[in-house]
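I opened this entry to keep track of what I looked up, element by element. The model comes first, then the notes.

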Amino acid sequence: MKNNQLFNGALIFFLIFFGAIIFSYINNKIKVYKQAHSEVMQMISKDQHTFNYVDLYHYLNQENNDLLIVDLREAEAYAQSHLKGSINIPFEKVLERKNLRKLRQKNKPAVLYSSSQTKSAQALLLLKSLGVDNLHIIPGSYETINKKLLSSDYPDPAYFFYNSEKARWDFNRFFGKQKSKKQTLDKHTHTIPEVPDMEPAAITGGC
Amino acid sequence: MGPLIPQGIISGELNFFFAFIIGLAFGFILEQAGFSTSRKLAGVFYGYDFVVLKVFFTAGITAATAMFFMKYLGWIDFNFLYINPLYVWSAIIGGVIMGVGFIMGGFCPGTSFAAAVIGKIDAIVFIAGMFLGIFIFGTFYPTFEPIHLGHFLGNVFIHDTLGIKQSWFLFFLIFMALIAFAVTQKIENNASRFKELLYAEKVNLRWPTFFIIVLALTAVIIPQKRASFVYEPTATALHKEILSSDRYVKYDKAAFSIINKPGDMQFIDVRSREAFENFHLPGAIHIPLHKFTDKNVKVFINELNATPVLYANASPLADKAWFFARRSGIKNVKVLEGGLNHFFDKIFTEHQWEETTDIEVLSYMRFINRARDYFLKDHYESIPSKKEPHELPTPQTREIAGGC
């Protein structure tokens with residue numbers, strides 16, 4: 001009787017963990033991350049992952065450059081026009097195995113561009129989480145690149161370091177324009193920051 | 001319930017309920033294992049009964065194995081756990097005092113309560129002595145302080161100190177436990193005087209031993225690196241979420257919320273500190289992008305009453321923050337579509353309204369004009385905003401103290 005109970009207890013403990021490990025390996029096919037989110041954050045804050053237009057211009061004018069240019073737009077848009085030497089991987093199909101294999105080529109940096117910088121940035125984060133290293137993005141959309149870099153004979157200097165994240169307005173001009181800027185700044189430095197309730201809860205125990 | 005409360009899965013009040021249940025179970029098991037008898041406890045030191053060693057070693061390796069595999073499977077995030085810091089002198093002296101008290105009294109603190117409840121007088125005296133000791137320590141704390149806080153080593157792991165992998169440490173621990181069980185069983189069998197007292201029937205430990213050895217070997221064999229946690233959406237699910245535009249809040253919704261329902265949306269500025277101080281939406285909080293992997297950001301956003309809306313100058317930065325928020329397991333985070341640039345484009349540029357009788361277009365037109373006047377004339381200062389803009393406090397770990 002006692003023997004049976006011990007056997008059952010040990011078997012349950014064993015089955016839970018062994019079953020979970022085996023399940024996690026089956027689950028691996030449904031794309032498990034290779035990098036934790038803090039590691040991805042470190043990667044994107046450490047290295048320069050945006051490609052400026054000057055570098056891109058030089059690369060595009062080189063013969064046999066070591067750069068994998070990836071177009072994330074739909075196949076129809078790609079068929080109409082695309083950057084020289086780029087391959088097409090639609091963002092909807094980026095998680096397919098053959099596409100991931102294309103992106104994972106060793107010693108070959110890849111640059112992404114899309115119909116907007118938002119999409120390419122999201123693709124960058126997702127692919128870095130899945131363990132694709134050596135990825136960069138071209139800031140701006142394909143339309144910006146085409147208009148400012150390729151259509152003219154020489155690139156527009158104002159767009160060398162273009163990034164759609166830059167502020168296009170002096171926001172303070174519109175919000176409460178009677179007040180001077182200095183007053184607003186003073187107000188912030190003199191307010192005492194309100195701390196949300198996050199007191200440590202001590203859970204004590206013992207035997 | 002260490003990792004469950006900081007992650008917001010259960011509330012802090014429920015903690016007391018679980019403490020009650022776990023306390024009942026603990027007391028039941030102590031009494032059921034015979035730990036309220038000081039003879040049984042003291043048997044370890046006289047070599048006729050090693051049940052204390054067996055029970056606590058078993059508990060230790062069970063917990064260690066469970067922690068290892070739960071971490072491996074992503075069920076537990078070690079960043080959320082509080083690890084007791086090591087003060088070498090207080091650990092050594094405390095251990096000696098505890099051991100001497102154990103031999104003399106025949107109880108350890110927890111079992112003395114179990115024994116006192118069933119009416120043992122020696123246990124009651126033991127508890128009185130314990131309170132006296134606590135009183136003396138508290139009263140003369142300034143004298144003891146240099147010893148109490150002496151030789152601080154911080155939060156150290158034994159496998160780091162030994163310089164081996166966590167999995168190998170677990171393997172050796174299980175190996176050591178099994179050897180200890182075998183040796184103590186031999187000693188018990190030789191102490192024939194008490195033999196008939198101990199076990200009415202012989203217990204076959206073949207299967208539990210086999211299972212724990214297999215688990216120990218598995219721990220060593222499996223690869224160490226896994227980065228998915230149980231609260232994260234899988235890559236496929238996250239990809240789908242990125243493709244759908246459910247996360248976006250339109251500029252007119254945001255403006256409406258600022259003007260009419262200030263408590264409805266909590267705007268979170270993910271830009272740099274200078275940009276935030278130069279300009280921010282009314283009532284906004286500043287959380288820069290790199291903080292989005294901190295655990296206290298997760299706790300903070302989960303405890304908000306309003307819908308959190310992330311914004312930056314344009315979409316990409318806010319969307320990056322959204323990505324990290326989703327991977328930390330924060331749900332219902334929204335992004336201001338197009339960011340501040342789009343917001344200002346739509347509200348402050350002069351529109352060429354065409355003559356129309358469409359009621360929807362007319363009301364939209366009226367709303368945009370009203371919003372422009374509102375923001376230009378500094379009315380937003382009168383918004384009854386409870387939250388002042390602030391930065392998040394420094395990270396805090398919730399302390400989980402315990403032990404036997």
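I took helices (H or I, at least four residues) and strands (E, at least two) as DSSP runs, numbered from the N terminus. This is a predicted model, in which I used local features at pLDDT of at least 70 and side-chain atom pairs only at pLDDT 80 or more, while totals for chains, interfaces and linings use all residues. Residues are numbered from 1 along each chain as its sequence is written, chains are lettered from A and ligands numbered from 1 in the order in which they are written, and side-chain values use heavy atoms, with hydrogens and water left out.

Chain A, overview

I began with the secondary structure of chain A and found eight helices and four strands. Read from the N terminus, their order is α-α-α-β-α-β-α-β-α-β-α-α. I called a residue buried under 20% relative accessible area, exposed over 50% and partly exposed in between (1.4 Å probe, protein chains only). By that cut-off 40% of the 207 residues of chain A are buried. For contacts I used heavy atoms within 4.5 Å. Among contacts in chain A between residues at least 6 apart in sequence, 65% link residues at least 24 apart.

Chain A, the sheet

I counted two strands as paired if DSSP finds at least two bridges between them. The four strands make an open sheet, ordered β2-β1-β3-β4 in chain A, with parallel pairing. β2 and β4 (135–137) of chain A are the edges; each has a single partner strand, so one side of each lacks a neighbour in the sheet. For angles I fitted axes as lines to C-alpha atoms, for helices over the stretch in contact, and let values run from 0 to 180 degrees between N-to-C directions. From one strand to the next, the twist averages 30°.

Next I went through β1(A). This strand covers residues 68–71; A:L68 and A:V70 point one way, A:I69 and A:D71 the other, and all are buried. In a regular strand the side chains alternate between the two faces of the sheet. On one flank, β1(A) is joined in parallel to β3(A), residues 110–113, by four bridges. There A:V70 has A:L112 as its bridge partner. β1(A) also pairs in parallel with β2(A), residues 86–88, over three bridges. In β2(A), A:V70 stands opposite A:I87, and A:D71 has A:N88 as bridge partner.

Is A:S114 buried or exposed? A:S114 sits in the loop between β3 and α6 (117–129) of chain A, and counts as buried because its relative accessibility is 1%. Not counting residues up to four places away in sequence, A:S114 touches A:L72, A:R73, A:K119, A:S120, A:G140, A:S141 and A:Y142.

Chain B, helices

I looked at α2(B) and α4(B), residues 88–105, whose axes come within 8 Å and cross at roughly 120°. That makes the pair oblique, given that angles under 35 degrees count as roughly parallel, over 145 as roughly antiparallel, 65 to 115 as roughly perpendicular and the rest as oblique. The contact involves B:S38, B:L41, B:F45 and B:Y46 of α2(B) with B:F102, B:I103 and B:G105 of α4(B).

The buried residues of α2(B) are B:L41, B:A42 and B:G43, and they pack against α3 (51–73), α4 and α5 of chain B. Just after α2(B), B:G47 has a positive phi of about 85°.

For α5(B), residues 109–117, the buried set is B:G110, B:T111, B:S112, B:A114, B:A115 and B:A116. These pack against α1 (14–32), α2 (38–46) and α6 (121–139) of chain B. B:G119 follows α5(B), with a positive phi near 95°.

Chain B, one residue touching chain A

Which residues does B:N341 contact beyond its neighbours within four places in sequence? I listed A:S164, A:K166, A:A167, A:R168, A:W169, A:F171, B:N313 and B:A314. B:N341 belongs to α17(B), residues 339–348, and is buried at a relative accessible area of 1%.
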